[in-house]
Amino acid sequence: MSELKSGYYFDFLCPKGHKNYSMQMIEFFSSISRLSVYTQKTYYDDVFKESIDVEFIEYSDYDYEKKSLKVRYNNIKLIHKCAKMIKKNKKNFNIVASFDTISLFFGSLFFSKKQNVFLIHHNNVDHLNNFFKRMMFKFYKRKFKHIVIEEFIKERLSEVAKINKQNIYCINHPMKINGENDYLVSEKITCSGLSNSNDEIFIQHIYEQENKKQLLKYYNIYVIFKSSSKLTDIDNIKFINGFISENEYNEYRKNSKFCILCYPKNFLYRTSGVLINTFAQRKIVLGSNNPIFNYYSKKYPSICKIINNYDELIISIKKSNELNDNEINNEFNDFINEHSKEKIMMQIKTMLYGGDENEFNLE
């Protein structure tokens with residue numbers, strides 16, 4: 001590999017839910033480049049890794065959490081400040097970990113195409129379904145290169161925004177594995193649905209159908225949902241409202257054989273750390289009928305099932321219990337390899353240094 005390149009890692013939004021993802025990406029980028037991270041003060045304090053060799057440049061003059069025109073104005077000021085740093089220091093590459101489509105419309109005036117700025121897309125591709133946001137994005141799309149987290153998102157971004165695929169790079173979402181699957185086999189089948197993005201309409205449907213049919217009870221299936229509704233527990237469905245500690249979350253997940261991810265209809269061309277880590281912990285996923293689960297169910301049909309309703313939930317669980325363990329484990333292994341540190345490092349090296357993924361030696 002040629003001489004190490006230098007780069008900035010910016011985050012225009014600093015979402016609380018992205019800390020672990022960003023820290024992993026910083027770790028990967030910094031291992032093959034000289035990286036400087038420009039970030040909100042204390043943002044990474046609870047996830048920082050001492051082993052990472054990186055320069056942190058902190059600021060404390062911006063509040064991300066409140067939603068108002070003033071916040072958007074301040075966000076544009078932050079983008080302007082970052083653009084001036086890029087122009088002054090002329091590093092080889094510049095990563096933007098998250099961005100607001102509208103704010104960047106105005107902030108893009110401070111950038112030029114030659115500055116080699118990469119935008120990481122999280123839910124931004126879904127925002128392009130809005131006509132006005134799509135027009136804003138198209139105004140500045142050519143000034144930047146683009147990073148997506150899965151191939152199906154790359155296809156969508158290219159299609160809807162008319163971007164050349166050569167300017168879109170796929171870097172798979174890293175895993176945060178808490179350990180191998182230590183589910184204890186028992187006669188009771190446990191399914192956890194603990195995402196903060198759960199579709200409350202779907203949960204209500206499951207609750208009503210179980211009250212009528214009681215098939216979960218009949219097949220000894222126990223379901224745990226995180227829900228903002230005021231539904232009360234019944235024999236085989238437990239509801240959790242409000243905050244769950246990481247230890248509680250891990251305990252529920254550890255004791256589950258299946259994970260229900262009933263994302264709402266507007267959760268389309270994006271993925272989530274919850275989903276990635278569910279596969280990494282070798283839990284079979286029962287997901288909503290949307291692009292993300294359609295993609296995974298075709299690629300990994302034994303470990304990802306589409307469920308539209310109560311009856312399909314029951315059928316999917318029964319059929320999955322009849323599958324061959326080797327077939328299931330092979331698909332989990334394939335997924336883990338695709339989202340491993342080694343695979344992601346290859347993707348980053350290809351993006352920064354060119355060439356084919358397979359030509360690099362990680363030693």
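Which residues does Asn 277 touch, not counting residues up to four places away in sequence? They are Met 175, Lys 176 and Ile 177, where contact means heavy atoms within 4.5 Å. This is a predicted model, in which local features need pLDDT of at least 70, side-chain atom pairs count only at pLDDT 80 or more, and totals for chains, interfaces and linings use all residues. Residues are numbered from 1 along each chain as its sequence is written, and side-chain values use heavy atoms, with hydrogens and water left out.

**View 1. Asn 277 sits in helix α10.**
The helix covers residues 273–280. Helices (H or I, at least four residues) and strands (E, at least two) are DSSP runs, numbered from the N terminus. Asn 277 counts as buried because its relative accessibility is 17%. Buried means under 20% relative accessible area, exposed over 50%, and partly exposed in between (1.4 Å probe, protein chains only).

**View 2. Six strands form an open sheet.**
Their order is β10-β9-β8-β11-β12-β13, and the pairing is parallel. Two strands pair if DSSP finds at least two bridges between them. The edges belong to β10 (237–240) and β13 (304–306); each has a single partner strand, so one side of each lacks a neighbour in the sheet. From one strand to the next, the twist averages 20°. Axes for such angles are lines fitted to C-alpha atoms, for helices over the stretch in contact, and angles run from 0 to 180 degrees between N-to-C directions. Strands of a sheet pair through backbone hydrogen bonds.

**View 3. Strand β9 runs parallel to β10.**
Four bridges join β9 (residues 221–226) to β10. Look for Lys 226: its bridge partner in β10 is Ile 240.

**View 4. Strand β11 has buried residues pointing both ways.**
Phe 258 and Ile 260 point one way from β11 (residues 258–261). Cys 259 and Leu 261 point the other way. Strand β8 (residues 189–193) pairs with β11 over two bridges, in the parallel sense. Here Ser 192 stands opposite Cys 259. Strand β12 (residues 284–287) also pairs with β11 in the parallel sense, over four bridges. Phe 258 has Ile 284 in β12 as its bridge partner. Together, β11, α10 and β12 make a right-handed β-α-β unit. A crossover is right-handed if, with the strands pointing away from the viewer, the path from the first strand over the helix to the second runs clockwise.

**View 5. The largest nonpolar core has 107 residues.**
Such a core is a set of buried Ala, Val, Leu, Ile, Met, Phe, Trp, Tyr and Cys residues joined through side-chain atoms within 4.5 Å. Phe 29, Ile 260 and Tyr 296 have the most contacts inside it. Leaving aside neighbours within four places in sequence, Phe 29 contacts residues including Leu 35, Phe 93 and Ile 348. A second, separate core has five residues, among them Leu 194, Tyr 222, Ile 240 and Ile 244.

Asn 75 is buried, with a relative accessible area of 2%.
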